Each structure stands twice: as C-alpha cells, then as structure tokens.
Amino acid sequence: MFKKILKPVSLLLVCSFLLLDLSVQTANAQLVDTNSVIAVQQEEVNRERVAAFLGREDVQQVMVQQGVDIAEAQKRVASLSDAELAKMANSMDQLPAGASGVGAVVGAVVFIFVVLLITDLLGLTHVFPFVHAQR
Amino acid sequence: MIAGLLFLGLLLFLPGCGLLPIGPLTQSPDVPATAMVAGVPFFAQDELQCGPAALAMALNWSGVAVQPSDLSPEVYSPGLKGSLQNSLIGSARRHGRVAYPITGSEALLAEVAAGRPVIVLVNLSFSWYPKWHYAVVIGFDQPQGEVLLHSGLTAREILSSRTFMNLWQRSEYWGLLVLPPDQLPVGSDEVAWLSAVAGLELAGQWQAAETGYASALKRWETSFAAWMGLGNSRYSLHDLDGSAEAFHQATLLQPDNGLAFNNLAHVLAEQGKREAAQVAAQRAVDLGGPYLETFRQTLEELKLK
C-alpha cells in the first residue's frame, strides 16, 4: 500500500519544490523599485527591509483587529512604504486616530466638563464648539 | 472643591499645556500676512468621520471628485473610532494624489499662502482626555491673530492663532498636503518629494507617479532617484523606449551605481536587444552593492533567454 502511493506522492513533492524554486527566482529577478532606490541612497536599506517585513504583517493584523476587513487592510498596507510601516509597527497602539470634535462630552463627569469649559475659554482646548476663547 | 481648584492650578502649570503666550504663528519673511485658499469645498462630518471629511475636502480641491462616504471605507478604523494618519496618506495615494506631510507653522503658512489647503491633526482636549480631530486649514490673518479652518460641522471656522497652536502642538504640528502630482510644495525637499511620489507606485498609480517624477526633474535635474522612478513608472505603463531613456540617464548620472544598469537590462531585454541587455546586467553585477543578488538573478535570467 505504502509503496503504491510513494511514487505519485514523491513526484508531487518534487514538482511542488520545482515550482517553489521557480517562483522565488522570478520574484527576485526584477526591476528594483523606486522606494528601494531611495532607501539605498539614504543607506537605510537593511534596517528598513527587516523592520518592514515584520511591519507589513503586524500592521495588517492590528488593522483587522481594529475592525477593518482583511481585503481592505491589505490595500491600506500595500499603499504604504517600508519606512512608513516600520514607524507604524512600533507604535500601533499609541497612534492618534482623528475622530470627532462634534459630540459633546457624553458620559464625562461634571468636573471634567467644568475643567474643559475653563480651558476652552483660556484657548488651551477647543472641546465645545460654542465656546470662543479670549484673544 | 479646593482639591479641584488645586488640580486645575496644577494643570495650567504643567509643561506642554502652554498657557505661556505662544504668540502669532512664526512665518518666513517672504510669506504675506494674510492668505485664503479658494476652491476648497466644505463637507460637514458625520460622527467620528472627520478623517474622511477632511481628506474629501483636500481631494476635491486637488481635482478628485469624492464624497467623505466614499473615503470612509479606506481610512476609518471602527475599532479605533477614528482614522490613522497613514490611512489618510494611503487613501490619497489610491486616488492618484501625492500625500506630502509637513510640520510646523512656517511650512503651514507658506503652503496656505501658495494656495494649498493643509489637513492638520489636532487634539481638541488634553492628553489625559484626548479628542483627536482632523481639520483643514484654508487661511490665516496674522495681524488679527486668526487661523481659518474647515472643521467638523463648521465651514470657515475662525480660531485664534494661540488656541490653534495649543491644539496643534499636541500632534507635534502634523500637517498633510494632498497635491496633484505636477505641483511641488513650496519648501519641498528632494527626498521627501520623491518618497511621497514613490508612494503612488505602491498604490499602483503609475501615471500619477510618472508625472510626479517628471515634475521632480524640472526642479532637480540631476536627481538619480527621480530618473529611476521615471524609468520604473514608464516601464509599468509599457513605455519601453521612454523607460530605457530614463534608466540610461540614470546610468550617466551615477555610472558606478548598479541599480540603474539592472533595471536598464530588463528593459533592453524586453526591447529584444539581448546583447546590450547582457552587457548592462554584467555591469550591474560588477558594480555590486546591496542588491547584488538581484543583479545576479537578472544576469542569469538573461543568459537563459
């Protein structure tokens, strides 16, 4: 039984390894893209290539966790350079995400409300659209 | 109550909270005292959708007709209840526009004075209760100490310069230009512009990228990376003659850089010029560098053909 399937399986394996090898070759023999040209000129090439290889996957995964669907997350990541992703990957959980500015402070305690009202008047913050800071 | 007042007092004297007078925005001497950008449409944002709204205003100004609701799937992250800066950048690229980040008031005023709206990231509140927000700066009046923005639900909102700087410093003065690829920023730096244009390649916007590199070459005629980019984008647009010409220019500028020879070799091969292609590929291998392995692959492939 084992001998019977051995031949087709090994043939399949050999074929798949051949395919694998081929795909790697064609992937490497290409025009060097402009982002890499710029990176070489900036002498950042090795550092960033390594960081970005981790970065692209990481950032994509975090985006999916943040509710972006997989296909869209891939597109977002694809449109960013290695350098941009490397920076992003390091601080994905602390990046500011511009959000609002419209809604008032729902659920905040009165104290915070008062503080922000005063700081709005002082021109330190601009949480409430109806408050105009003194000059 | 007393504790509250103490807390407030403390808060006001914390570094970075800047009750210190920031004064009028600093500007370069050649920039006028007042300016207004014409032709920036206003889109009132939906709840949490200031990113798509701000980007839509900038894109429409640059000639791309989109609604904020078209952009929301490209920039908004539901889990964050907001939009990341890099998502705005990527989305602008996907619409064929150069996303060029700037920082600081000098750059901001110079660009606005040159007639370009600037997307800014501000924190409307403090770091302990952040309210991150994107708005679009469309004008300023230095003698009056005012900045004019399209923001949230308000078109042409007037903020005092001091308040604006307090809000803007919390993002380390992050601003973003969304430009047609034939319009260089006022204070543009060669590498920054080329990196921004190379971003268009990543989004598959080759025609816009080609225009961006061609524009770069009008200002920086001897830019190696710009010629390389021109060659790469023309190659992707199936303009083999134009591509070969650009890579050839790059080899003349940096005869000891293998990158240009490697790319030239590929184009020559596709033009059917086998011998010239092999000579170029061999040259790249001889010159070496961090992409030596790629150069070797190119040479091997050409020999097999």
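Two residues are in contact if their C-beta atoms, placed from the backbone, lie within 7 Å. This is a predicted model, in which local features need pLDDT of at least 70, side-chain atom pairs count only at pLDDT 80 or more, and totals for chains, interfaces and linings use all residues. Residues are numbered from 1 along each chain as its sequence is written, while chains are lettered from A and ligands numbered from 1 in the order in which they are written.

**View 1. The contact of chain B with chain A.** Chain B gives 70 residues and chain A gives 51 residues. Helix 7 (residues 190-202) of chain B supplies the largest share of the chain B side, seven residues. Helices (H or I, at least four residues) and strands (E, at least two) are DSSP runs, numbered from the N terminus. The chain B side holds 30 nonpolar, 31 polar and nine charged residues. Ala, Val, Leu, Ile, Met, Phe, Trp, Tyr, Cys and Pro count as nonpolar, Asp, Glu, Lys and Arg as charged, and the others, Gly among them, as polar.

**View 2. Strand 1 of chain A pairs with strand 3 of chain B.** Residues 97-98 of chain A meet residues 82-84 of chain B in the antiparallel sense, over two bridges. Pairing requires that DSSP finds at least two bridges between the strands. A:Gly98 has B:Ser83 as its bridge partner in strand 3 of chain B.

**View 3. Helix 11 and helix 12 of chain B.** The axes of helix 11 (residues 258-270) and helix 12 (residues 274-287), both of chain B, come within 8 Å and cross at roughly 160°. Axes are lines fitted to C-alpha atoms, for helices over the stretch in contact, and angles run from 0 to 180 degrees between N-to-C directions. The two helices of chain B are therefore roughly antiparallel (angles over 145 degrees). Among the contact residues are B:Phe261 of helix 11 and B:Ala280 of helix 12. The contact residues comprise eleven nonpolar, two polar and two charged.

Definitions and conventions. Parallel < 35°, antiparallel > 145°, perpendicular 65-115°, else oblique.
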